[in-house]
Amino acid sequence: MQRLDFNTGWHFSCPDGRDFDVTLPHDAMLNTTRNTEPGFTWFLLAGWRGNDYTYTKNLHITSELINKHLVLEFEGVYCMTTVTVNDRPAAEKAYGYTPFTVELDGLLREGDNTIEVTAHVPQDGHNRWYTGGGIYRPVHLLVGEDAYMERYGVRVTTLSVAPACVRVEVMTHGGDCAEVRIAEKNGKEVVCTKAAVADGHAVVELEIPDAKLWNAEHPNLYLAEVTLYSGGKAVDTVTESFGLRVIEIDPARGLLINGEPTFLRGGCIHNDMGVIGVINNDATELHRARNIKKAGFNAIRSAHHPMSRSLMKACDEVGLYVMDEAFDYWYRMKSPNSPYNRYFMQDFKVDTAAMVQDAYNHPSVVIYSIGNEIPEAGGVKGVRVGKEIVDAIHALDTTRPTTLCPSVHWLREYLDGTPYLTTDEDEWMRDDPERQKADWMHYESIFRSAVNNLPDNEKGQVYPETYIRMDEDATKNLYPYLDIAGYNYYEDRYEVLHKLHPERVLLGTETRHTMLPDTMKFAKAHPYLIGDFVWTLQSHLGEINCCDLHYEENEEHKSYPWVTNHGGVLDLTGQAEPSLHRYEFIWGGFLDKPVHALYLASQPPVHNGKPPIATSYRWTDTVDGWTYEGYEGKRTFVDAYTDADSVEIFINGKSAGKAQVKDYFAKIPCIYEPGELVGVGYDADGQEIYRTSVRTADAETVLTVKTDKNILRAGGQDFCFADVYVTDKNGTVKLLPDYDVKIEVVGAASLQGYGSAAYKNAEHYDQHHHKSWQGHLQAVLRSTEKTGPVTVTFTADGCAPAILHLSAE
């Protein structure tokens, strides 16, 4: 079917009084007033509240269109969505993360028609992180003639890579012949053939000469251009991008991509885009994927929902492996107003199929996860549901392995003291209010405390025998049905797990930053561990301060104005934090060119030299630079990242201390003094092998702007990410003090979002002024329907204006 852009010309309204025209995708939640009162879900949602978000659009139907097959396709609407056409109910969708369609045949009339879409997001407690709200992914109008290819009507499967052979399946409504043309990404034809259509189905198998394979290091892509003929006339054309890639796994060899051993250097991400909230389209997701690839990761886990089509496309292009995840919860809620669990049992197979259909042609997707931290997954009913999800995946795709991403302690605690290991929980509770009450109290308790039934002689053990037995009971019925045994936060138990089940391939599906050194050492010698996904790769909105960062024992550290989880090695705006250097060294054994160097970072001296108190998600709070105006003489410390044996720092030529390096990291206390900070790395014999320096910025202050592009595509679907730095004339960043920087946008673009990565922030991201944080801000410009020049001016007191010139074409 012909796919038409359907993202412009919408009108948005909300009971809170907002009423304006909007171009999709759109996040209706981001720039609303946050609730500042603490509560059970405040930590998770950072005070953002849901509402009813309504979008209306006129669809003019000509006499030519009225007899065609018309379908509206929504890539994602959060959540509890209803769609009406000319005030007639047309569709409902509970889940907020999978595509859905609205069949328009029979609902339209010639002339004007009204499409109305409402996302009914519960005010509080609807999820466990910032979700955004509304139509946050693109919308398309699909137009079919009498004969057309079905939605998801072209599937490309790599059968082998030596030789390179693919199978192309074509699903049609009518038609008598399908022509399949395989071309390189630049359009150069490689091979072409035709096949007859029988019962709406055509299949061809093709060998691709001189094939270029797809993997994360070499993301070579091809195009499958399929043309449907009816009566000798071309009636429909569909082009799908694909990569030549096969997956193998076994405990002895690990994960093989195209026959090559591959370790997943992964991280978990949520789906917000920082200062623009949750807006997922090709431009925003490509920007994110490039940042992640540049940081050195080769894999991402979509946490905890199916990944956007646009991000999978971006991962195909830049070379990132993907774990695509179906659900964060099944039929039991995790938040008090979880909307989907009430619909899960009736909808999960449809939503699983939607995830798989969306992912099928994307070579980046190498693993499906059936769920994240599902407490009920070890019981009789949960195991049955888990197997049905796997079956729903395999009904459409047998080329990719499946896994589960559990908090295993939740699995065992869910079963502890219940008959659910052998009895269906619904049957056990049926018609017995006392059992229903006991079940609910037990379910609540597993989120608050761990099982405390350890014998005295096992207390303090890393993996007590009692827990091993309970974990085995909790996983023994579902894990044999999975291809990969996933484990959240079990990095110190892999050896025991392998001894128990040498037939299993293991994967760290959610892990701690502080455990990465030991995990990588273990992985290099044990191929049955195929990857590690740290929590989190990039800081996100909501789940505020999940790293528990604070500086005083009694400090309130999960309250307003906290806004992010602050647990990533990329910050909210996608900027790499210095702690990423440690990853570079740790990953060395998995890289073609291991890193040999010394990097320095320093703590902003606002805490009088106190190191942060934090959990295993974050081990430091240092930043790149040595410019803290107004904090001369204050205590601080310097972090060193290096593969040297020891490191010494000098401030203006005087030694400030020396430390032994452990796991590529050392911390040295010192006093902040403007000038030159020098680090010297020594080998085990005390010989200097590295020397690096960081200088304080000069007195003059300017604003420096860097962009990811200078030309925008007109139409409302392109974005420019502009990073604004407070620097001296040489570009050295001034980390303190903060500056209030104003922005003015004139011309054929609009300001989509503006702000900093500050983890405590009461400012809205639609303001035209914002305080810098650690010398940085990010402005995101969005194209409009117009073409022409764009001028963006940044001003701050005491600084000359910075002017950015863009063009919309």
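Helices (H or I, at least four residues) and strands (E, at least two) are DSSP runs, numbered from the N terminus. The model is predicted: local features need pLDDT of at least 70, side-chain atom pairs count only at pLDDT 80 or more, and totals for chains, interfaces and linings use all residues. Residues are numbered from 1 along each chain as its sequence is written, and side-chain values use heavy atoms, with hydrogens and water left out.

**Stop 1**

**Stop 2: helices α2 and α3**

Select residues 282-294 for α2 and 309-318 for α3; their axes come within 8 Å and cross at roughly 45°. Axes here are lines fitted to C-alpha atoms, for helices over the stretch in contact, and angles run from 0 to 180 degrees between N-to-C directions. Helices α2 and α3 are therefore oblique to each other; angles under 35 degrees count as roughly parallel, over 145 as roughly antiparallel, 65 to 115 as roughly perpendicular, and the rest as oblique. The crossing of α2 and α3 is right-handed, a term used if the near helix is turned clockwise from the far one by less than a right angle.

To display the contact (heavy atoms within 4.5 Å), show Asp282, Glu285, Leu286, Ala289, Arg290 and Lys293 of α2 with Ser310, Leu311, Lys313, Ala314, Cys315, Glu317 and Val318 of α3. By class, this contact has six nonpolar, one polar and six charged residues. Ala, Val, Leu, Ile, Met, Phe, Trp, Tyr, Cys and Pro count as nonpolar, Asp, Glu, Lys and Arg as charged, and the others, Gly among them, as polar.

Next, centre on Lys293 in helix α2. Lys293 is partly exposed, at 26% relative accessibility; buried means under 20% relative accessible area, exposed over 50%, and partly exposed in between (1.4 Å probe, protein chains only). Not counting residues up to four places away in sequence, Lys293 touches Ala216, Val318, Gly319 and Leu320. From Lys293 to Val318 the C-alpha distance is 7.1 Å, across 25 residues in sequence.

**Stop 3: helices α4 and α5**

Select residues 344-359 (α4) and 380-394 (α5), which pack at an angle of about 30° with their axes 9 Å apart. The α4 side of the contact consists of Phe344, Met345, Phe348, Lys349, Thr352, Met355 and Val356, and the α5 side of Lys381, Val385, Glu388, Ile389, Ala392 and Ile393. These residues divide into nine nonpolar, one polar and three charged. The crossing of α4 and α5 is right-handed.

**Stop 4: backbone geometry**

Most residues other than glycine have a negative phi, and most peptide bonds are trans. Select Tyr78 and Cys79, whose peptide bond is cis with omega near -15°; Cys79 lies in the loop between β6 (77-78) and β7 (81-85). Tyr152, in strand β13 (residues 148-161), has a positive phi near 60°.

Finish in the loop between β30 (529-534) and α12 (580-586), where Pro561 lies. A cis peptide bond, with omega about 10°, joins Tyr560 and Pro561. His566 is placed in the loop between β30 and α12 and has a positive phi near 55°. His566 is buried, with a relative accessible area of 6%.
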